[in-house]
Amino acid sequence: MLHALITQREGHNMYGKSTDVLEAAYVEFYESLGIKLRPVSNFTRNFDDVVDEQFDLLIVTGGGTLHPGYYLEPHNAELQPRRDAMEKQLIMYCVHNNIPIIGVCRGMQYLNALFGGKICYSARFKVPRPRGTDHMARIVKTDRYIKINNFHSDCVYLENLSTLFYPIVVDEDNGSVEAFVSPTMSILAFQWHPERYFESEEGRLFTRHLIQDFLGVPRDNLKPDID
């Protein structure tokens, strides 16, 4: 069994107290792949305590907006500074120690920004991509298209992708990156959410197999019980 650290959103409860938030779908999905998760608190003071046990993978999750400096446009959205700091430390630790990283949605955007790319805030797509509605995307260097889910409004355009990354799935209609890799840094990143619902079984299986191939584990066709 593989062991992974997984990051969490930074939020507040009804009393105004700071909280860590992790969607159950992440746990259900990665456990179905045989991966045991250890959530990382954004409020741990000693970083060495986070990485004191051996782990095989880092998962950088989605949800929320990054610092305005990473975007092409200004914004006044709510920030998650403790999360940003923790995720940056984890990402750099993994890169320096050759530990694989999977980035999801915001996690993909942050990886791109940390390595010299830019993010488009609340993109005005030529072909609209409503949240909650799947859309078609092309697998790079093939004639194959897959249907992927969509839960974001920000994006990374091809021209703003870090030169350290290679796009592997693109939204041709809008010129945006839907997934990228960095073989040298062992990074796989998705704009869509592998752990959430897909309208297309082909899209779900493509995503699952892509992760399994990246991690070097056998492919399967298991359908997790995820709402």
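1. The loop between α3 (81-96) and β6 (101-104) holds Asn98. Phi of Asn98 is near 55°, a positive value in a residue other than glycine. Asn98 is exposed, at 65% relative accessible area. The classes are: buried, under 20% relative accessible area; exposed, over 50%; partly exposed, in between (1.4 Å probe, protein chains only).

2. A word on the source. This is a predicted model, in which local features need pLDDT of at least 70 and side-chain atom pairs count only at pLDDT 80 or more, while totals for chains, interfaces and linings use all residues. Residues are numbered from 1 along each chain as its sequence is written, and side-chain values use heavy atoms, with hydrogens and water left out.

3. Cys105 lies in the loop between β6 and α4 (106-114). Cys105 is not a glycine, yet its phi is positive, about 55°. Is this residue buried or exposed? Cys105 is buried, with 6% relative accessibility. Most residues other than glycine have a negative phi.

4. Now the strand pairing. Strand β1 (residues 2-6) pairs with β4 (residues 35-39) in the parallel sense, through five bridges. Pairing requires that DSSP finds at least two bridges between two strands. Ala4 has Leu37 as its bridge partner in β4.

5. Strand β1 also runs parallel to β5 (residues 57-60), joined by three bridges. Which residue in β5 is the bridge partner of Ile6? That partner is Ile59.

Terms used
Helix = DSSP H or I, 4+ residues; strand = E, 2+ residues; numbered from the N terminus.
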